[in-house]
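Hi everyone, thanks for coming. Let me put the structure up on the screen, and then we'll walk through it together.

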Amino acid sequence: QELLVESGGGLVQAGGSLRLSCAPSKRTFNTNVMSWFRQAPGKEREFVAGIARSVGSEKYGDSVKGRFAISRDNNNDTVRLQMSRVKLEDTAVYYCAVSGTAIFSGRFHDPALYAIWGQGTQVTVSS
């Protein structure tokens with residue numbers, strides 16, 4: 001049974017926009033920090049963006065700063081990733097990850113600190 005349900009992936013043209021969403025299938029665990037990672041073929045998993053339950057705690061990977069925006073709705077534990085001005089190199093499988101415990105914002109990028117992962121959703125950027 002999937003603990004996290006991701007949606008919104010697909011095919012998008014370079015320069016376009018796409019929005020990903022992720023939410024728990026059942027609200028049976030804490031969602032202190034919710035983040036997005038991605039993995040392209042032949043590459044390591046890369047941190048994209050993370051957001052804590054508290055206001056103001058957001059972090060972005062260098063490659064997406066200024067183009068992507070992460071947000072969350074604490075009422076239903078949904079996290080969204082608004083992708084804008086996408087590039088060919090944004091093509092990857094995007095994974096939602098959740099930590100039930102607090103993480104120092106400077107460590108949002110560490111995948112080992114997340115206990116729950118989604119199945120991934122494919123994002124393909126075409127020229």
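Before we look around, one term: a salt bridge here is a side-chain nitrogen of Lys or Arg within 4 Å of a carboxyl oxygen of Asp or Glu. Also, this is a predicted model, so local features need pLDDT of at least 70, side-chain atom pairs count only at pLDDT 80 or more, and totals for chains, interfaces and linings use all residues. Residues are numbered from 1 along each chain as its sequence is written, and side-chain values use heavy atoms, with hydrogens and water left out.

Okay, salt bridges. The whole structure has six of them. Take Asp-90, which forms one with Arg-38, with 2.9 Å between the closest N and O atoms. Asp-90 sits in the loop between β8 and β9 and Arg-38 in strand β4, so this pair ties together parts that are 52 residues apart in sequence. By the way, strands are DSSP runs of E, at least two residues, numbered from the N terminus.

Are these two buried or exposed? Asp-90 is buried, at 0% relative accessible area, and Arg-38 is buried too, at 5%. Buried means under 20% relative accessible area, exposed over 50%, and partly exposed in between, using a 1.4 Å probe and protein chains only. Arg-38 also has a salt bridge with Glu-46, at 2.8 Å between the closest N and O atoms, and Glu-46 is partly exposed at 30%.

Now, Arg-67. You'll find Arg-67 in the loop between β6 (58-60) and β7 (68-73), and at 7% relative accessibility it counts as buried. Its side chain makes a polar contact with the side chain of Asp-90, at 2.7 Å. A polar contact is a pair of N or O atoms within 3.5 Å; within protein, one must be able to donate a hydrogen and the other to accept it, and residues adjacent in sequence count only if both atoms are side-chain atoms.

Elsewhere, Arg-53 and Asp-77 meet through their side chains in a salt bridge, 2.8 Å from N to O. Arg-53 is in the loop between β5 and β6 and Asp-77 in the loop between β7 and β8, so parts 24 residues apart in sequence are tied together.

Conventions. Helix = DSSP H or I, 4+ residues; strand = E, 2+ residues; numbered from the N terminus.
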